[in-house]
Amino acid sequence: MGPVVVTGASSGIGRACVERLAAAGVRTYPTVRKVQDGAALVEALGPLVEPVLADVTDADSLARAAGEIADRLGAGRLGGLVNNAGVALPGPAVVQPMAEMERVIDTNLMGAMRAVQAFAPLLGAMPGATGPKGRIVNITSVSGKFGYPFTAAYAASKHGLEGYSESLRRELMLTGVDVIIVGPGAVKTPIWGKGAAVDRSRYAGTGWAAPLAKLEASLEAMDAEGLEASVVAGVVLEALTAAKPKPRYAPVPKPLLNWWLPRLLPKRMVDGVIADRLGLRP
């Protein structure tokens with residue numbers, strides 16, 4: 001297959017995807033925001049990895065990255081775009097600073113939209129384009145189908161990315177470019193730990209401080225027991241290479257407990273379980 005762009009590749013699932021693709025002999029163009037992060041990838045993974053500087057919240061940086069990659073490709077095409085870049089900042093939705101919520105949505109949802117517009121021509125995702133076509137893999141989450149307390153912005157961004165992916169897949173049937181969702185459950189990555197730097201003292205006295213602390217502890221425990229990022233990377237590789245890929249993959253640890261039951265049980269029943277667990281009763 002042709003080279004693959006992976007956004008947000010300096011750590012976590014993004015880095016694991018670059019590792020898996022390189023091991024399979026696929027050239028990758030991982031996007032990173034720091035030169036040193038790109039150098040570390042090359043040093044660890046070898047010459048099949050060609051980092052490019054880009055920030056998914058900056059359309060101009062993505063356009064520059066696309067131009068740089070186009071020069072490297074020459075007459076070739078990208079084999080795939082993996083939209084992985086993301087951030088998670090928990091907080092009570094009615095008092096969480098809007099700047100934090102906007103940052104989450106701007107990165108997780110708008111960032112993927114910007115990346116698609118930047119790289120679509122290199123995938124052959126334009127009406128009338130001839131030649132081999134690439135695929136788009138959008139990394140969502142269990143939170144794309146289920147909203148946990150205190151993750152409203154994150155859940156909104158991932159629900160939005162699910163809907164965007166559905167619409168995009170159907171639009172791109174005209175071009176032959178497929179769009180596949182990979183929605184993992186808990187994964188051993190630092191995404192929630194990175195949110196620990198957020199000042200929680202602002203919520204003291206709101207009534208949500210104690211339940212929020214319990215939620216964060218449960219998220220950390222879930223991540224500690226979650227899937228290895230390499231497992232998700234293997235699913236991404238399948239999505240990029242399978243002759244007939246599924247429209248959505250759900251790699252979730254303990255799927256009965258963490259995927260099927262929360263989605264199939266009555267919502268009020270699930271609400272009650274969550275309320276008892278986190279102390280959300282009035």
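Setting aside its neighbours within four places in sequence, Pro121 is in contact with Arg77 and Met126, where contact means heavy atoms within 4.5 Å. The model is predicted, so local features need pLDDT of at least 70 and side-chain atom pairs count only at pLDDT 80 or more, while totals for chains, interfaces and linings use all residues. Residues are numbered from 1 along each chain as its sequence is written, and side-chain values use heavy atoms, with hydrogens and water left out.

Pro121 lies in helix α4 (residues 98–123); helices are DSSP runs of H or I with at least four residues, numbered from the N terminus. Pro121 has a relative accessible area of 43% and is therefore partly exposed, a class between buried (under 20%) and exposed (over 50%), with a 1.4 Å probe and protein chains only. Lys133 is 12 residues from Pro121 in sequence, and their C-alpha atoms are 9.9 Å apart.

Buried residues in α10 are Val270, Gly272, Ile274, Ala275 and Leu278, and their cover includes α7 (209–224) and α9 (255–264). Just after α10, Gly279 adopts a positive phi of about 75°.

Helices α9 and α10 also each supply at least two residues of a nonpolar patch, to which α9 gives the most, with 5 residues. Leu257 is found in α9, and Leu257 is exposed because its relative accessible area is 53%.
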